[in-house]
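This briefing takes up the structure displayed below, beginning with a single residue and then turning to the wider fold. The points are grouped by topic for reading alongside the coordinates.

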Amino acid sequence: MRKVRGASLNAVRKAYNFSKGDLSMVIRLHYKIAAAVLLAVLLLCSALAFGSRHTQAIAPVDERIRLPIIMYHEIRAYNNNRMAISPYEFESDLRYLQRNGYTTISMTDLIHYVYDDMPLPEKPIILTFDDGYLNNYAYAFPLLKKYHMTAVLSVIGKNADDFTRVPDKNLDYSHATWDQLAEMARSGCFEIQNHTYNMHTITYKRYGCAKNAGESEEHYEKALTDDLMRCQQEISDNLGTVPNTFTYPYGNVSSDSLAIIKKLGFLASLSCKYGINLIDRNPDGLYCLMRISRYHDVSLSKTLSDAMKTLKYAK
Ligand SMILES: [Zn+2]
């Protein structure tokens with residue numbers, strides 16, 4: 001081989017017993033192969049460059065912030081069930097967070113981190129309460145005050161309206177009134193967000209706020225917009241704040257809703273999908289955030305450690 005490499009074209013022809021025509025064909029073939037290899041390399045480089053631009057918005061798993069969002073519903077002194085934990089359990093959760101270096105943050109804190117470069121604490125966590133039950137006011141509120149912590153409360157506008165009109169003190173089913181919600185918001189212990197005005201229902205007409213099969217996009221957009229804007233208006237009128245986050249009833253996320261939610265000005269949304277969020281500064285990462293339900297008789301420590309296991313599948 002070494003001999004051939006240093007030889008003249010004639011010598012090469014002789015060595016391989018090629019005719020003149022054969023040799024020029026081999027040379028042309030070599031040029032073609034070299035051109036094809038060069039083209040392939042160029043295509044590969046441009047594909048890699050294109051890919052990196054597209055993935056640039058999502059930071060690697062290790063560089064993103066782990067953000068657990070806990071989902072609570074009711075706190076009851078009696079008649080506990082899977083979704084209704086006791087005040088003692090809630091206080092044990094707050095003690096656990098305090099002892100383990102967690103800092104509760106609001107959705108607004110999270111949005112400021114993503115949009116305005118504001119820092120987040122070392123171990124951030126969001127506590128969310130859905131539906132706006134009176135027992136949140138009765139039990140969660142004093143405990144959050146005691147531990148100087150904050151939570152996100154997603155209210156159903158119609159329930160707040162109904163219980164304001166006809167107050168009821170039954171802690172097993174009543175919802176907080178607008179006055180009580182205003183007191184909770186003013187304290188800084190609760191940030192009030194939107195959980196629909198009157199789409200927190202499962203009827204033959206609709207499942208939560210999801211788009212129906214066969215429903216036109218225009219019809220769905222109008223239905224969702226009318227309902228969510230009514231809730232925004234009620235919250236603004238009664239509390240003087242405008243929610244920046246939408247919480248899906250039953251976690252029933254309809255892919256058709258995303259563009260509408262964004263158009264209505266919501267900067268974030270909460271789903272019931274299970275898992276720990278990995279946050280970077282990509283604004284799209286604020287939609288359909290995952291949550292972890294805290295069930296009765298399952299400690300927050302176990303709830304969190306189970307959820308952390310899902311991170312090994314994180315991309
Ligand atoms: Zn709900």
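In this predicted model, Ile111 counts as partly exposed because 17 C-beta neighbours lie inside 10 Å of it, whereas a residue is called buried if 20 or more other C-beta atoms lie within that distance. Ile111 belongs to helix H5, which spans residues 107–116.

**Surroundings of Ile111**

- Leaving aside residues up to four places away in sequence, Ile111 touches Asn244, Leu267, Ala268 and Leu286.

**Overall fold**

- The protein has 315 residues, of which buried residues make up 32%, and its secondary structure comprises 11 helices and 12 strands.
- Among the contacts in the protein with a separation of 6 or more, 66% are accounted for by residues 24 or more positions apart.

**Nonpolar core**

- In soluble globular proteins, nonpolar side chains tend to be buried together.
- The largest nonpolar core here has 61 residues, and those with the most contacts inside it are Ile69, Ala140, Ala151, Leu153, Ala176, Met184 and Leu289.
- Helix H6, covering residues 134–146, gives the most to this core, with 6 residues.
- Ala151, one of the residues with the most contacts inside the core, touches Thr104, Leu127, Thr128, Phe129, Ala140, Leu144, Cys189 and Phe190, again not counting residues up to four places away in sequence.

**Helix H7 and its buried face**

- Within helix H7, which runs over residues 157–165, the residues Gly157, Asn159, Ala160 and Phe163 are buried.
- Seen down the axis of H7, these buried residues fall within an arc of 165°, and therefore they line one face of the helix.
- As background to that arrangement, an α-helix has 3.6 residues a turn, so residues three or four places apart point the same way.
- The elements that cover the buried residues of H7 include strand S7 (151–155), helix H8 (178–187) and helix H9 (217–239).

**Confidence of the prediction**

- The mean pLDDT of the protein is 87, and 82% of its residues reach 70 or more.
- Over residues 1–20 the pLDDT stays under 50, and the model has 10 contacts beyond four places in sequence for this stretch.
- Over residues 45–56 the pLDDT likewise stays under 50, and here the model has 0 contacts beyond four places in sequence.
- Where pLDDT is low, the predicted coordinates should not be read in detail.

Key
Residues are numbered from 1 along each chain as its sequence is written. This is a predicted model: local features need pLDDT of at least 70, side-chain atom pairs count only at pLDDT 80 or more; totals for chains, interfaces and linings use all residues. Helices (H or I, at least four residues) and strands (E, at least two) are DSSP runs, numbered from the N terminus. A residue is buried if 20 or more other C-beta atoms lie within 10 Å of its own, exposed if 12 or fewer, and partly exposed in between; C-beta atoms are placed from the backbone. Two residues are in contact if their C-beta atoms, placed from the backbone, lie within 7 Å. pLDDT is the predictor's confidence in each residue, from 0 to 100. The arc is that of the directions from the helix axis to the C-beta atoms. A nonpolar core is a set of buried Ala, Val, Leu, Ile, Met, Phe, Trp, Tyr and Cys residues joined through C-beta atoms within 7 Å.
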